[in-house]
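Hi everyone, thanks for coming.

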Amino acid sequence: MITMQKELFRQLFKRAFTNQFPAKHAPKSVNALLEAVGKGKAKLNPPVPVPENFRGKIAYDKNKCIGCQLCVKVCPANAVVFKPKEKKISYHTFRCTFCGECVNVCPVKCLTFTDEFLLADYKKD
Amino acid sequence: MSIKDLNRSLWVFHVNTGSCNGCDIEIVAALTPRYDAERFGVKLVGTPRHADVLLVTGPVTKDMKDKLKRVYDQTPDPKVVMSIGNCGNSGGCFYESYNIDGPIDKVVPVDVYVAGCPPRPEAIIDGVVKAWKKLEDLEAKK
């Protein structure tokens, strides 16, 4: 009985385990909240921090790319498309499986993983 | 019913159209105490007739095409359709396969696409927030 009361008392002062992303409760108006955030009046709670070597959205450095097409060959989802005229690639986020094959195979390291993962959108690119 | 009635407490129904269960697990993870989507009134319901939002995962296999259409028709208007994961967005690693009837937007109209393989629970919550924003914008236009 005393053990339980101790535990209950401890839990009273503990922080909740819930990560309150993006806000504690549903706002009255999402547009008003986003506007306030834009002006710096309100703050959104950040998501849970990503682990090391997280496989987020892939960043492409066009200037580094030598157009070797290795990434086109290894991509299991055909998310990387070669543009023969420019000898560069275009990368489709909405087709990618985030497997990391292209990042590993790239000889000049022009493809890298970023920590960005909030990728919801109204239309696909 | 008008769009205004949809503004609060979106109840979601989850349809798996041939997904590998990765996205399904992340949807359930978004409802666990760690992320707790239920504090926004988001609730997983057992039938499309009670739902406001359809969460569709998977690349729509041939078998699931007419079932997905039926589930879509059973959901009362107004409704939001969210495509979770890159299988549903474009086919993912099943892109242009002979066994699928195209990505979800070939079968039913999709409002919000959530990219990821699978998307993190925060990404799904972000998608729900974007759906909310879209509803508010639609309401403001009226």
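Some housekeeping. What you see is a predicted model, where local features need pLDDT of at least 70, side-chain atom pairs count only at pLDDT 80 or more, and totals for chains, interfaces and linings use all residues. Residues are numbered from 1 along each chain as its sequence is written, while chains are lettered from A and ligands numbered from 1 in the order in which they are written.

Okay, chain A. When I say helix or strand, I mean DSSP runs numbered from the N terminus, with at least four residues of H or I for a helix and at least two of E for a strand. Chain A has four helices and four strands, and along the sequence they come as α-α-β-α-β-β-α-β.

How does the radius of gyration of chain A sit against that of a compact globule? Chain A has 22 Å, whereas a compact globule of 125 residues would have a value near 14 Å. That radius is taken over C-alpha atoms, and the globule rule is 2.2 Å times the number of residues to the power 0.38. Along the principal axes, the C-alpha atoms of chain A fill a box of roughly 70 × 40 × 20 Å.

Now burial. A residue is buried if 20 or more other C-beta atoms lie within 10 Å of its own, exposed if 12 or fewer, and partly exposed in between, with C-beta atoms placed from the backbone. By that count, 19% of the 125 residues of chain A are buried.

On to where the chains meet. Two residues are in contact if their C-beta atoms, placed from the backbone, lie within 7 Å. The contact takes 28 residues from chain A and 32 residues from chain B. On the chain B side, helix H3 (86-90), strand E5 (112-114) and helix H5 (121-141) each supply at least two residues. H5(B) gives the most, with 11 residues. The chain B side that touches chain A divides into 14 nonpolar, seven polar and 11 charged residues. Here Ala, Val, Leu, Ile, Met, Phe, Trp, Tyr, Cys and Pro count as nonpolar, Asp, Glu, Lys and Arg as charged, and the others, Gly among them, as polar.

Next, the sheet in chain B. Two strands pair if DSSP finds at least two bridges between them. Chain B has an open sheet of five strands in the order E2-E1-E3-E4-E5, with parallel pairing. Strand E2 (43-44) and E5 of chain B are at the edges with a single partner strand each, so one side of each has no neighbour in the sheet.

Which strand of chain B is largely enclosed by the rest of the structure? That's E3(B), residues 53-57, because five of its five residues are buried. Val53(B), Leu55(B) and Thr57(B) point one way from E3(B), while Leu54(B) and Val56(B) point the other way. In general, side chains in a regular strand alternate between the two faces of the sheet.

E3(B) pairs in the parallel sense with E1(B) over five bridges, and Val12(B) stands opposite Val53(B). E3(B) also pairs in the parallel sense, over five bridges, with strand E4 (residues 80-84) of chain B. There, Leu55(B) stands opposite Met82(B). From E3(B) the chain crosses through helix H2 (residues 65-74) of chain B to E4(B), and this β-α-β crossover is right-handed. Right-handed means that, with the strands pointing away from the viewer, the path from the first strand over the helix to the second runs clockwise.

Most residues other than glycine have a negative phi, and most peptide bonds are trans. The bond from Phe21(A) to Pro22(A) is cis, with omega near -10°, and Pro22(A) lies in the loop between helix H1 (2-12) and helix H2 (30-39) of chain A. Cys117(B) and Pro118(B) are also joined by a cis peptide bond, with omega about -10°. Asn21(B), which is not a glycine, has a positive phi of about 85°, and with 12 C-beta neighbours inside 10 Å it counts as exposed.
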